[in-house]
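This report describes how the parts of one protein model are arranged and how they meet. Please look at the structure before reading on.

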Amino acid sequence: MMSDPNPTDAVILVGGKGTRLRPLTLSAPKPMLPTAGLPFLTHLLARIEAAGVKHVVLGTSFKAEVFEDYFGDGSKMGLEIDYVFETEPLGTGGGIRNVLPKLRGDNVMVFNGDVLGGTDLNAILETHEKTDADVTLHLVRVGDPRAFGCVPTDEDGRVSAFLEKTQDPPTDQINAGCYVFKREIIEQIPEGRPVSVEREVFPNLLAEGKRVFGHVDSSYWRDMGTPEDFVRGSADLVRGIAPSPALEGPRGESLVHPGAGIAPGAVLIGGTVVGRGAEVGAGARLDGAILFDGAVVEAGAVVERSILGFGVRIGPRALVRDAVIGDGADIGARCELLRGARVWPGVTLPDGGVRFSTDV
Ligand code: GTP
């Protein structure tokens, strides 16, 4: 077969520090955090490959080497992956401009590296072609748009404004973090300084009268940037609510990886993931829990909607709910860690050391 003379490139921005997911992102960049047993980026790369886009450029900065160590030249996934490093993070727009020398085609599909999505990527490319847009944005309809920037479109699908978060949004269409650019638009982004695509590039293109269109749908969509969203997105992958060509076989209430040990009487529900070599003790209850490899939950402990980093230990009858526990932390028996708690890597809490109740 002849190769496509004018291929579409994919660019994935993966250079952010992922501060909202600390302390997990102190040791791994956000797009590499295990999600349903695979580095998060694997799910996005598999969707890109399934859409027929084969050349991918990763715009890296924070912990750049981790990506290349894992994905290499991309051939194992049927892709050709290039890496472009930013010494100083250049922001979303600057990151796109910085990969220009690696681009091959006239059109470039750009992705935020932390979005779990189910949209039809070829349908976005078709909208881009059909409208002869300079830039096409994937806009997704969400139930509560107040937490996001809204992007209204006119009857032809042309973007009319970029609005900041507001309590009274005029539309339920939000920027889904996936765009198709004509290459010449990327050439016009200022070089060598931080630029935000959302705050600078898009508003400027509108002001200049460029053809900016929206591709609107109601597909599965979740920005995985916070612990709450990461937990929900991971559970949705496990249960098959979020699609991923990288996951095989039937989906269910939990996903237990090889080498994990589950004692009798343990309950695993809510899209729980148990990593390789992890251990769950008798009578423990895991509901929407994510156990990275080697994590241990001892007998009678309860873990709900929480992430346990590599090698964490949760002591007998402890309660962990809506919390993030950093790699190697050791949580003593009967401790209670509730909503929003973040335990830093390697910290040891003695038995009964943190409680929300007065029982002894
Ligand atoms: P927070 O610190 O928690 O806000 O996370 P973040 O640093 O990842 O920022 P954000 O979620 O806004 O980033 C959206 C996407 O763009 C993520 O996939 C980031 O990796 C990526 N990104 C953010 N800033 C940069 C940058 O300066 N350069 C590159 N190449 N990518 C970036």
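## The interface

Across the interface of domain 1 and domain 2, the rule finds 0 salt bridges, a salt bridge being a side-chain nitrogen of Lys or Arg within 4 Å of a carboxyl oxygen of Asp or Glu. The rule does find 4 residue pairs in polar contact there, both residues at pLDDT 80 or more. A polar contact is a pair of N or O atoms within 3.5 Å; within protein, one must be able to donate a hydrogen and the other to accept it, and residues adjacent in sequence count only if both atoms are side-chain atoms. On the side of domain 1 that touches domain 2, the residues comprise 7 nonpolar, 3 polar and 2 charged.

## Basis of the model

The model is predicted: local features need pLDDT of at least 70, side-chain atom pairs count only at pLDDT 80 or more, and totals for chains, interfaces and linings use all residues. Residues are numbered from 1 along each chain as its sequence is written, and side-chain values use heavy atoms, with hydrogens and water left out.

## Domains and buried area

Domain 1 spans 9-225 and domain 2 spans 253-349, with bounds from an automatic or database domain assignment. Their C-alpha centres lie 33 Å apart. Contact (heavy atoms within 4.5 Å) links 12 residues of domain 1 with 16 residues of domain 2.

Together the two domains bury about 980 Å², 70% of it on carbon and sulfur atoms. Buried area is the accessible area (1.4 Å probe) that two parts lose on being put together, summed over both. In domain 1, P23, L24 and P34 lose the most area to domain 2, together 50% of what that side buries.

Methods:
Ala, Val, Leu, Ile, Met, Phe, Trp, Tyr, Cys and Pro count as nonpolar, Asp, Glu, Lys and Arg as charged, and the others, Gly among them, as polar.
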